[in-house]
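User: I would like to learn how to read the features of a structural model, one at a time, with the general idea before each case. Could you take me through it?

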Amino acid sequence: MAADPHHHDVPAMDYAEHEKTFGLFASLVKWGTVVSLVLTLLAGAATGTISWIFFLAVTVALIAIVVKFF
């Protein structure tokens with residue numbers, strides 16, 4: 001096995017497809033984090049732990065920050 005003299009042809013890397021896949025992954029992580037935080041805040045607002053105004057303010061600020069900087 002180690003002395004296998006056959007060289008198998010390996011196709012060239014498709015870097016464009018890799019970059020596209022990573023972009024999708026990064027986007028899913030980014031928006032998944034935002035959705036998780038918004039759901040956590042929503043649960044707190046629904047149970048009365050935090051106020052609805054705080055929920056709305058933080059949600060709007062969080063989405064604005066993510067859209068502008070990421």
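Analyst: Helices here are DSSP runs of H or I with at least four residues, strands are E runs of at least two, and both are numbered from the N terminus. This is a predicted model, in which local features need pLDDT of at least 70 and side-chain atom pairs count only at pLDDT 80 or more, whereas totals for chains, interfaces and linings use all residues. Residues are numbered from 1 along each chain as its sequence is written, and side-chain values use heavy atoms, with hydrogens and water left out.

User: How many helices and strands are there in the protein?

Analyst: The protein has 2 helices and 0 strands.

User: How many aromatic pairs does the count come to, and how are they arranged?

Analyst: Rings of Phe, Tyr and Trp (for Trp, its six-membered ring) pair if their centres lie within 6.5 Å; planes under 30 degrees apart count as stacked, over 60 as edge-to-face, and the rest as tilted. By this rule the count comes to 2 aromatic pairs. The rings of Phe22 and Phe25 have centres 6.4 Å apart and planes at 40 degrees, so this pair is tilted. The rings of Trp52 and Phe55 have centres 5.8 Å apart and planes at 90 degrees, so that pair is edge-to-face. Phe22 and Phe25 both lie in helix α1, 3 residues apart, which is about one turn of the helix, and both of these residues are exposed.

User: Which residues make up the largest nonpolar core?

Analyst: A nonpolar core is a set of buried Ala, Val, Leu, Ile, Met, Phe, Trp, Tyr and Cys residues joined through side-chain atoms within 4.5 Å. The largest one here has 7 residues, namely Val34, Val38, Leu41, Ala45, Phe55, Leu62 and Val66. Helices α1 (15-47) and α2 (52-69) each supply at least two residues of this core, and α1 gives the most, with 4 residues.

User: What does Leu62 touch, not counting residues up to four places away in sequence?

Analyst: Contact means heavy atoms within 4.5 Å. With residues up to four places away in sequence left out, Leu62, which is in helix α2, touches Val34, Leu37 and Val38. By that same exclusion of residues up to four places away, Val34 touches Leu62, Ile63 and Val66. A C-alpha distance is another way to read such a pair: Leu62 and Leu37, 25 residues apart in sequence, are 9.0 Å apart in space, C-alpha to C-alpha.

User: Is Gly44 buried or exposed?

Analyst: Gly44, in helix α1, has a relative accessible area of 13% and is therefore buried. Its C-alpha atom is separated by 8.2 Å from that of Phe55, which is 11 residues away along the chain.

User: Where is there a nonpolar patch, and which residues form it?

Analyst: Patches are made of residues with over 30% relative accessible area and no salt bridge, with like charges joined within 9 Å and nonpolar side chains (Val, Leu, Ile, Met, Phe, Trp, Tyr) within 5 Å. On the surface, Val35, Leu39, Leu42 and Trp52 form a nonpolar patch with about 380 Å² of accessible area together, as given by the Shrake-Rupley method with a 1.4 Å probe, where for residues only the protein chains shown count as cover. The largest share of the patch, 3 residues, comes from α1.

User: Which side chains meet in a salt bridge?

Analyst: Side chains of opposite charge can pair when their charged atoms come close. A salt bridge is a side-chain nitrogen of Lys or Arg within 4 Å of a carboxyl oxygen of Asp or Glu, and by this rule the count comes to 1. The side chains of Glu17 and Lys20 form it, at 3.9 Å from N to O. Glu17 is partly exposed at 37% relative accessibility, whereas Lys20 is exposed at 56%.

Key
Buried means under 20% relative accessible area, exposed over 50%, partly exposed in between (1.4 Å probe, protein chains only).
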